[in-house]
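Hi everyone, thanks for coming.

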Amino acid sequence: MRFTGNNKSILLVHRNMRPHTSDVAVDIMLTPQFYMVKKEKLPIKTRYRAQKIAPSLFEGLLEKSSTYKFFVYQEDDQWVFIAYDPEEIAAFLAQKGLSKEKVGKVYFAEQIVKLLDRPIMLSETEVLSVLDDTVVVVPASALGDIDSTEPVLARPKRSVSFEYSEKVLLNKEQAMVLAAIFVLFGLIWFAEGLRYKKNNRFLQAKTEELYAKYPSLQSRYTRESIISKYRKIDASERKKRKIIGQIAGMLFKGVTITLFEMTDKKYKVVFSVKDKSVAKRLEGLLKSAGLKKSAGSGPSEIIVEGRL
Amino acid sequence: MIWKRYQKEIMVAGALLFAFASFIYKSVQHSSMAMENQRMVQEVAALEETVSLQKIWGDKRIIQKLESVKKMIPSSKIKWTKQGKKLTMELHGLRPSELNNVVTKLLNIPIQIKRMKIEKKNDTYDMEFACKW
């Protein structure tokens, strides 16, 4: 028995169903033969909390060897708890020729309790009906004549799905957390990359601005030519001025310069000193300045010569 | 249905791929910025040095500055010979203070000193100075 949904067919799954022969993927709706339901009025506001307490509600009712899962939803002022064993369901579906890979969404017949306005024939002996506000499978003989036309039912909003692999590395929550972390890092790195790119553009604009100010220096050849010309002059002239400054700093009481001569290549200074102590002090100053007394110096005259 | 079977893994792998691609993008941009920065720093430093050297040694007002030296000394003590961008000065009988002022002034003008001779004659100084610019 099939109900036409929005995009996929819904296959009603019950113990006496016929083998499934089609390769087309389907959504399934489980009859109460495959789940256990409990309805409770509890002071719980969120589905998350209800899901947390679901196992305790079925304590002692479920087989310990099975791996049950729980589906919870709110119906009016009460919570509906459904316990089901995905492995058992998958094994049954496999027997009927429907591998779990072909199953999309899984619904529970209990979800349509308010929409089930008349019993549905499952087989010649079984009927899906509502008793005491709960969907149940009852013997057909108990209900007398039943309309066997295919009912059109709305698709429930919530559903579950099968875990496909027995050896699942990640469950859905873990996968989502991991994916969120990766996406977050990705976004941070991407934003950082964009910032670096913009920074590059900023530097480029700065260079262009400098070249706009000094257009003659745009050519590297011109720049290098200017630099090589002036660097030489700058170094030589700074050296000349440094030596003149050093010599001027050596003048103190008792010392006079009688001759100073400087060309592009060399310099010569003749100091006249008053006495020996002055000469000694001057020699000390010359030494600390890295200048040397020339061989032609006398007791009252110190000559300093050097190359530039 | 195969994609659905592995949808969690596909989602994580996609996110990981995005993160990895973003990391590569960031790394490429970072290294590109570092290289560009280095190149820019060198280029700007060279440019600034060129501008600075040109400003100092290529000064157009050097002659005016030299003329001001001429005005510091009585004309009777100075012989001034200028040829194009070359200048020769001969100064006689300079008092020590005058000599100090002239030398200090000349050293602060961005000229190339070709020859500088200072000789003490009794209590005064004679000076010969040749420069170009």
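Predicted model: local features only at pLDDT ≥ 70, side-chain atom pairs only at ≥ 80, totals over all residues.

Residues are numbered from 1 along each chain as its sequence is written, while chains are lettered from A and ligands numbered from 1 in the order in which they are written.

Okay, chain B. It has 4 helices and 4 strands; those are DSSP runs, H or I of at least four residues for helices and E of at least two for strands, numbered from the N terminus. Going along the sequence, the pattern is α-α-α-β-β-α-β-β. Of its 133 residues, 20% are buried, and buried here is 20 or more other C-beta atoms within 10 Å of a residue's own, with C-beta atoms placed from the backbone.

Have a look at helix 2 of chain B, residues 7-57. With 51 residues at 1.5 Å each, it should span 75 Å, and its end C-alpha atoms are 73 Å apart, which agrees. That expected span is 1.5 Å times one less than the number of residues. Its buried residues include B:V12, B:A15, B:A19 and B:M33.

Now, the sheet. In what order do its 7 strands come? They run 13(A)-12(A)-11(A)-3(B)-4(B)-2(B)-1(B), an open sheet with antiparallel pairing, where a pair needs at least two DSSP bridges between the strands. Strand 13 (301-307) of chain A and strand 1 (78-83) of chain B are the edges; each has a single partner strand, so one side of each has no neighbour in the sheet.

Last bit: the contacts. 46 residues of chain A are in contact with 40 of chain B, contact being C-beta atoms, placed from the backbone, within 7 Å. On chain A's side, the largest share, 19 residues, comes from helix 3 of chain A. Helix 4 and strand 11 of chain A also supply at least two residues each.

Key
Buried ≥ 20, exposed ≤ 12 C-beta atoms within 10 Å, placed from the backbone. Contact = placed C-beta atoms within 7 Å.
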